[in-house]
Amino acid sequence: MFAEIESAVQLRQSSLRSCIVSWSARFPDPIALPAGGKLATLQDAGEYITRLPKQAHDTPPWQNAMHVLIQAAEYDGPIEFARLGMLQALFPKGTPVYHSVDKDPKWRNRYKLVRDQ
């Protein structure tokens with residue numbers, strides 16, 4: 001009977017370990033930092049946040065980023081949410097992440113429409 005209980009406990013522990021994503025999980029696409037460098041894993045992102053000055057660390061975007069990182073690493077949350085939280089904290093609203101060629105306005109006003117001639 002003791003062996004059955006022990007095997008059940010081991011099975012439960014192994015199934016719990018398989019559900020939890022570790023801090024070494026990698027982002028689908030590494031996050032490029034504004035000052036250069038990349039964050040490839042959840043652990044890299046967590047260490048980056050902890051190295052921030054206290055005033056910046058206590059702001060809502062960084063608190064949210066840390067929350068979603070913990071959710072992804074310890075509670076099997078979506079890693080993509082952690083990536084998006086980091087991107088929102090690194091690049092606040094109004095700061096472009098990249099310049100898209102598709103949205104380049106140079107083509108505008110080059111040609112007049114037939115109805116406007």
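Gln 43 lies in helix H2, where helices (H or I, at least four residues) and strands (E, at least two) are DSSP runs numbered from the N terminus. With a relative accessible area of 40%, Gln 43 is partly exposed; buried means under 20% relative accessible area, exposed over 50%, and partly exposed in between, with a 1.4 Å probe and protein chains only. The C-alpha atom of Gln 43 is separated by 7.9 Å from that of Ala 25, and the two residues are 18 residues apart along the chain.

This is a predicted model, in which local features need pLDDT of at least 70 and side-chain atom pairs count only at pLDDT 80 or more, while totals for chains, interfaces and linings use all residues. Residues are numbered from 1 along each chain as its sequence is written, and side-chain values use heavy atoms, with hydrogens and water left out.

The chain as a whole has 5 helices and 2 strands, and its elements run α-β-β-α-α-α-α from the N terminus on. Of its 117 residues, 26% count as buried. Among contacts (heavy atoms within 4.5 Å) between residues at least 6 apart in sequence, 50% join residues at least 24 apart.

Helix H2 also takes part in a helix pair, for the axes of H2 and H4 come within 10 Å and cross at roughly 150°; such axes are lines fitted to C-alpha atoms, for helices over the stretch in contact, and the angles run from 0 to 180 degrees between N-to-C directions. That angle makes H2 roughly antiparallel to H4, since angles under 35 degrees count as roughly parallel, over 145 as roughly antiparallel, 65 to 115 as roughly perpendicular and the rest as oblique. The crossing of H2 and H4 is left-handed, a term used if the near helix is turned anticlockwise from the far one by less than a right angle, whereas clockwise gives right-handed. On the H2 side the contact is made by Leu 42, Ala 45, Gly 46, Tyr 48 and Ile 49, and on the H4 side by Trp 62, Ala 65, Met 66, Leu 69, Ala 72 and Ala 73. By class, this contact has 10 nonpolar, 1 polar and no charged residues, where Ala, Val, Leu, Ile, Met, Phe, Trp, Tyr, Cys and Pro count as nonpolar, Asp, Glu, Lys and Arg as charged, and the others, Gly among them, as polar.

The structure holds 1 aromatic pair. The rings of Tyr 48 and Trp 62 have their centres 6.0 Å apart and their planes at 45°, so the pair is tilted; rings of Phe, Tyr and Trp (its six-membered ring) pair if their centres lie within 6.5 Å, and planes under 30 degrees apart count as stacked, over 60 as edge-to-face and the rest as tilted. Because Tyr 48 lies in H2 (residues 42-50) and Trp 62 in H4 (residues 60-74), the pair ties together parts that are 14 residues apart in sequence. Trp 62, at 10% relative accessibility, counts as buried.

Helix H4 packs in turn with helix H5 (residues 79-90), at an angle of about 165° and with their axes 8 Å apart, which makes H4 roughly antiparallel to H5. This crossing, too, is left-handed. Residues of H4 including Trp 62 and Val 68 meet residues of H5, among them Phe 81 and Met 86, and the contact divides into 12 nonpolar, 3 polar and no charged residues. In the loop between H4 and H5 is Asp 76, whose phi is near 60°, a positive value in a residue other than glycine. Asp 76 counts as partly exposed, at 44% relative accessibility.
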